[in-house]
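Subject: Structure for your files

Hello,

Please find the structure below, followed by notes on what was found in it.

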Amino acid sequence: MSVLHKSVSAGLIALTIAGALTATAPAAQARDRHHHRGDVWAGVAAGLAGGIIGGAIVSGSQRPVYVEPEYEYAPPPPPPVYHRTYYRTEYVPRCHYEWVENEWSDAYRARVCPRY
C-alpha cells in the first residue's frame, strides 16, 4: 500500500469514529461543555489517539500477496558419450583351396580365385 493510501484510510477511519461518537452523544452531555472546560481537551486527545491507533491497525493489515512458487528444477542430463566405432575389414584371402573332382571321379584340391 502506498503512503497516500494509508493516510487517507487512517483519516477516514478517524472521521468515522469521531462522527459516530458525536452523533450518539446524549443531549445532557453536550450541554455540560460550558461548565467543564478541561474535559473538552481530554475528549479531543482521546479522539485523536483513537484515530491514530485505529489508522495504524487498519494500515497494518495487508492484503495477501501472490508469490510465485520456486520450482526445483532437475539438473540437466549429462552430455552423451560417443564411442568411436572402428570398422575392421575382415581379411579374406583372394584365393582359397577346394576339393574338386575330375571326369574320372578322382578328388583333388584345387586353388580357386574369384574374378573381380
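UniProt, in an unreviewed entry, lists residues 40–58 as "transmembrane region"; UniProt positions are given in the numbering used here, feature names are shortened, and annotations may be inferred rather than shown by experiment. In the model that span is 100% helix and 0% strand, and its end C-alpha atoms lie 27 Å apart.

Please note that this is a predicted model: local features need pLDDT of at least 70, side-chain atom pairs count only at pLDDT 80 or more, and totals for chains, interfaces and linings use all residues. Residues are numbered from 1 along each chain as its sequence is written, and side-chain values use heavy atoms, with hydrogens and water left out.

Overall, the protein chain has three helices and two strands, in the order α-α-α-β-β along the sequence. Helices (H or I, at least four residues) and strands (E, at least two) are DSSP runs, numbered from the N terminus. Of the 116 residues in the protein chain, 5% are buried; buried means under 20% relative accessible area, exposed over 50%, and partly exposed in between (1.4 Å probe, protein chains only). The protein chain exposes about 11700 Å², of which carbon and sulfur atoms supply 61%. Accessible areas come from the Shrake-Rupley method with a 1.4 Å probe, and for residues only the protein chains shown count as cover. Among contacts (heavy atoms within 4.5 Å) with a separation of 6 or more, 20% are between residues 24 or more positions apart.

One disulfide is counted, where a disulfide is a pair of cysteine sulfur atoms within 2.5 Å. The bond joins cysteine 95 to cysteine 113, with an S to S distance of 1.9 Å. This pair links distant parts of the chain, 18 residues apart: cysteine 95 is in the loop between helix H3 (38–60) and strand S1 (96–101), and cysteine 113 is in the segment after strand S2 (107–112). The torsion about the S-S bond of cysteine 95 and cysteine 113 is about 115 degrees, so the disulfide is right-handed. Cysteine 95 is partly exposed because its relative accessibility is 23%; cysteine 113 is also partly exposed, at 38%.

Serine 105 is in the loop between S1 and S2. What is the phi of serine 105, which is not a glycine? The value is positive, about 65 degrees. Most residues other than glycine have a negative phi. Serine 105 has a relative accessible area of 54%, so this residue counts as exposed.

Finally, leucine 4 is in helix H1 (residues 3–23) and is exposed, at 62% relative accessibility.

Regards
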